[in-house]
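Subject: Structure for you to look at

Hello,

Here is the structure I said I would pass on. My notes on what came out of it follow below.

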Amino acid sequence: MTAQLLKGVAREIRRHTLRAVHHAGAGHIGGVFSAAEMLATLYFHVLRIDPQNPAWPDRDRFILSKGHCAIGLYAVLALRGYFPIEELETFDAIDSRLQGHPDMTKLPGLDMSTGSLGQGLSPGIGMALAARMTGRGFHTWVMIGDGETQEGQIWEAAFCAARYSLDNLTVILDWNGLQQYGWATPAGYESNARRNPADGVQAKWSAFGWNVLECDGHDPAAFVDACTRARDASDKPAIIIAHTTKGKGVSFMEGDYTWHSRPLSDEVVAQAISELAQ
Amino acid sequence: MTALAQRDVFGDTLVELCNEDARVAVLDGDLANSTKSDKVALARPDRFFMIGIAEQNLIGVAAGMAAAGLIPWVSSFAAFLATRDLDQVRVVVAQPSLNVKLAAHYSGILTGFTGKTHQVPNDIAIMRSLPNMTVIAPCDGEEARMAIRAATIHEGPVYMRLTRDPIAGVTRAGKPFRIGKASMLRVGKDAGIVSTGGQTVRALEAAQTLSEAGIDVAVLHVPTIKPMDGDAVVEFAGRVPLIFTCEEHSIYGGLGGAVAELLAEIRPARVIRLGLRDVDGESGPNDALLEKYGLSAGCVHHRIQETLASA
């Protein structure tokens, strides 16, 4: 699929996210928007999957470790044909398959339940080891947020994956630099643009024994190139450090931590959707 | 019957299971020479995965393997499996009901001179409160062997308490283990003991010495604490004037708690819980620990005798 079409899918992910969050009354937005091009590119170009057969044993696995961005994953799954688009309206409703955080017991196509941050990479290691043990050729992809790398388990897993030379495992770091509340800037907590400064993230993963790749997470062609290099690399697990903007695509949401999660008024939704359409 | 250590049985049985079933794997948290999963490391290195001193990652790796169709046995100490990684057990094992088996070694307080940091006498209470989790505490080596096999076939997460040191065998060889079924080990009319894990062996010894003193005590062994064999417990309660629960665990929330909760709803009965009374353990020789914390066969014997005398 061309970069232009993938950008169109990303726009649809954002639009469906706004509608579903509006309908549900509240929900996570900023971290979905930072990941939208990558989710679109993974599900429409990179992953070896069959939406008609979500339990296919040889499928690539994808784990959204930053599980609070579930609605973005649901949107791309629906767009890819895993379930009807209309079902997105049930997000967060009672009895819905579309839970606030991904629940693999409810919705086919989810390879792992996530939500408690920092936990997604470890099951990715288990899947990669299982692929090796059973001789299956699938690749496992785990998307993490930079905020959740504050959890110690990420580094337990980073050590372990390198120790087993899991070249069939790739981490995608959605490095948007913001989190739910965030850290003080030099100006204290007054600013809403409190992006965590560059903190040697490349050197950390490299020191843990990972093959470190970087790209613009909003550029589908660059992301495809990074994914191809990650899949083809040998001897080491790979991490794609994707430079992203939280809230990307809607001017007044970009880089503002308060759009991590919040209710949306009718006016805000209308304005945001009109910006996306441009 | 010979006294076997459940950890030796674990290592031997997992080697057999790896040879029998292509899906079985063993994950170690750097305790293989304590838990005897080193037998698997030597016999089937292709199925043995040392994950490091990192229990949170250990549980997640197992969940991923299970999601990919394997049957991972996670081998570590009960103290770490029940607490250090509890959020991981809750979120990626119990909630998705993945086929992960937790071998909780060194359960109870007989942990080989480690002290309270390595003892978790409240793991049953923690694990049985998790939806989808099955909780098993076999009493001896032979029952452990059959329970490990049953848990491997069982679809869904299992927490299995295993003990460190050899314990007298009371289970006949090859006796089938059915998850969720209790066993009537001794009949008696004066009182009843409901027990689990290795404490069943001490309960039987206490019942034997009591019978020599003319006190006739029944013993119901409940190796599966969850799902508990409620019918067997209720029926047992109807046959005896009072019940003692007996476990190498806190009196809060373990077998005693489960039995008291059940009977309070269905057949109110006097239930006296024998176990650790809101205290942590400590280092010490096994015999001394059992005496100090009221768990020895002699302690169980005396508590029952005193209670009946004052009734």
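In chain A of this predicted model, 76% of the contacts with a separation of 6 or more are between residues 24 or more positions apart. Of its 278 residues, 51% count as buried.

Chain A has eight helices and five strands, in the order α-α-β-α-α-β-α-β-α-β-α-β-α from the N terminus. Its radius of gyration is 18 Å, close to the 19 Å from the globule rule for 278 residues, so chain A is as compact as a globular protein of that length. Along the principal axes, its C-alpha atoms fill a box of roughly 50 × 50 × 35 Å.

The largest nonpolar core contains 180 residues. Among those with the most contacts inside it are A:Leu39, A:Ile125, B:Ala62 and B:Met160. Helix α2 of chain A (residues 30-46) gives the most to this core, with ten residues. Another core, of eight residues, lies apart from it and includes B:Ile251 and B:Tyr293.

Leaving out residues up to four places away in sequence, A:Ile125 touches residues of both chains, including A:Ala157, A:Cys160, B:Val61 and B:Gly64.

As for the interface, 24 residues of chain A are in contact with 24 residues of chain B. On the chain A side, α4 (121-134) and α5 (152-163) each supply at least two residues, and the largest share, ten residues, comes from α4(A). By class, that side has 13 nonpolar, nine polar and two charged residues.

Regards

Methods: Residues are numbered from 1 along each chain as its sequence is written. Chains are lettered from A and ligands numbered from 1 in the order in which they are written. This is a predicted model: local features need pLDDT of at least 70, side-chain atom pairs count only at pLDDT 80 or more; totals for chains, interfaces and linings use all residues. A nonpolar core is a set of buried Ala, Val, Leu, Ile, Met, Phe, Trp, Tyr and Cys residues joined through C-beta atoms within 7 Å. A residue is buried if 20 or more other C-beta atoms lie within 10 Å of its own, exposed if 12 or fewer, and partly exposed in between; C-beta atoms are placed from the backbone. Helices (H or I, at least four residues) and strands (E, at least two) are DSSP runs, numbered from the N terminus. Two residues are in contact if their C-beta atoms, placed from the backbone, lie within 7 Å. Ala, Val, Leu, Ile, Met, Phe, Trp, Tyr, Cys and Pro count as nonpolar, Asp, Glu, Lys and Arg as charged, and the others, Gly among them, as polar. The radius of gyration is taken over C-alpha atoms; the globule rule is 2.2 Å times the number of residues to the power 0.38.
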